[in-house]
Amino acid sequence: MNGKVYVIDTSGFIVGVQFTDGTMLTVPGVVDEIIDSASRLRFDLMHDAGLRVEPPLGVFKDKVVSAAASTGDAIVLSQTDIEVLSKALELVQEFDVILITDDYAVQNVASILGIKFKPAGSSGIKKEIVWEMRCTGCGVVVKSGSECQICGSAIRRRRAGH
Ligand SMILES: [Zn+2]
C-alpha cells in the first residue's frame, strides 16, 4: 500500500464508489452494516478489485472519541463511525488519506482531526440517506438527546425507515 488511500464508510457502498488511483479500504464495522443486496454486490465487486478490510488500532479510537466530544458529535457517532475515523486517523500518519463519507458528523470530526474527506454522493449516483434519532426502548423518534424522555432508554441515530 502506498500513496493515496480511500477509507470508505457505509455510504460509499450504498452509492457505489470506485477509485482506481489509490488503495480502497474499509473497516469490519462497515462490512457488518452492508445488508441490502445491491450494496453487498458492490462490496463484493470492490473486494475483488482489491478493497481491503482492516480494523483500526485502539490508540486512535481514543483520539477520535475525544475529538468527537469536543465538537458535540460524540452522541451521534456510531461504533462504526468511530472505527472508520480511527482507521483514517491511523493511516493519515503515513498516507494521503481521503475519507469517503456522506455523514455530516463524521465529516465534522474528520476536519477537526485534519483528515480530508469527500462525500460519496459526489462520486456516484446520489441517494439521500435520511437519519433519525430513535429510542432503543419504545421506538419513539426524537429531535435530540441521548436518553428517551418517555422510557429512559438510550437514543440512537439510525437510517429512517429501517
Ligand atoms: Zn423510549
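A salt bridge is taken here as a side-chain nitrogen of Lys or Arg within 4 Å of a carboxyl oxygen of Asp or Glu. The structure is a predicted model, in which local features need pLDDT of at least 70 and side-chain atom pairs count only at pLDDT 80 or more, while totals for chains, interfaces and linings use all residues. Residues are numbered from 1 along each chain as its sequence is written, and side-chain values use heavy atoms, with hydrogens and water left out.

A search of the whole structure returned eight salt bridges. One of them joins Glu54 to Lys87, with the closest N and O atoms 3.3 Å apart. Glu54 is located in the loop between strand E3 (52-53) and helix H4 (58-71), whereas Lys87 belongs to helix H5 (residues 79-92), so the pair ties together parts that are 33 residues apart in sequence. Helices (H or I, at least four residues) and strands (E, at least two) are DSSP runs, numbered from the N terminus. Accessibility was classed by relative accessible area: buried means under 20%, exposed over 50%, and partly exposed in between (1.4 Å probe, protein chains only). Glu54 is partly exposed at 21% relative accessibility, and Lys87 is buried at 2%.

Lys87 also forms a salt bridge with Glu90, for which the closest N and O atoms are 3.0 Å apart. Both residues lie in helix H5, three residues apart, which is about one turn of the helix. Lys87 and Glu90 are both buried. Salt bridges link Arg52, Glu54, Lys87 and Glu90 in a network.

A further salt bridge connects Arg157 with Asp103, the closest N and O atoms being 2.7 Å apart. Arg157 is part of strand E8 and Asp103 is in the loop between strand E4 (96-100) and helix H6 (104-112), so this pair ties together parts that are 54 residues apart in sequence. Asp103 is buried, its relative accessible area being 4%.

Strand E8 also takes part in an open sheet of three strands, which has the order E7-E6-E8 and antiparallel pairing. Strands E7 and E8 stand at the edges, each with a single partner strand, so one side of each is left without a neighbour in the sheet. Two strands are counted as paired if DSSP finds at least two bridges between them; E6 and E8, which run antiparallel, are joined by five bridges. Within the sheet, Met133 stands opposite Arg157 in E8.

A zinc ion is also present, and its protein donors are Cys135 (SG), Cys138 (SG), Cys148 (SG) and Cys151 (SG), lying 2.3 Å from the ion. Donors are N, O and S atoms within 2.8 Å of the metal (3.2 Å for Na, K and Ca); water is not among the atoms, so sites may look incomplete. The four donor atoms subtend angles of 98 to 118° around the zinc ion, which makes the arrangement tetrahedral; four donors count as tetrahedral if all angles lie between 85 and 135 degrees. The spacing of the donor residues in sequence is C-x2-C-x9-C-x2-C. Cys138 lies in the loop between strand E6 (131-135) and strand E7 (141-142), and Cys151 in the loop between E7 and strand E8 (155-159), so the pair ties together parts that are 13 residues apart in sequence. Cys138 is partly exposed, with a relative accessible area of 41%, and Cys151 is likewise partly exposed, at 39%. Cys148, in contrast, is buried, with a relative accessible area of 4%.

Aromatic rings were examined next. Rings of Phe, Tyr and Trp (its six-membered ring) pair if their centres lie within 6.5 Å; planes under 30 degrees apart count as stacked, over 60 as edge-to-face and the rest as tilted. By this rule the count is two aromatic pairs. The ring centres of Tyr6 and Phe19 are 3.9 Å apart and the planes lie at 10°, so the pair is stacked. Tyr6 is in strand E1 (residues 4-8) and Phe19 in the loop between helix H1 (10-15) and strand E2 (23-26), so the pair ties together parts that are 13 residues apart in sequence. Both Tyr6 and Phe19 are buried.

Definitions and conventions
Tetrahedral: all angles 85-135°; square planar, octahedral: opposite > 155°, others 65-115°.
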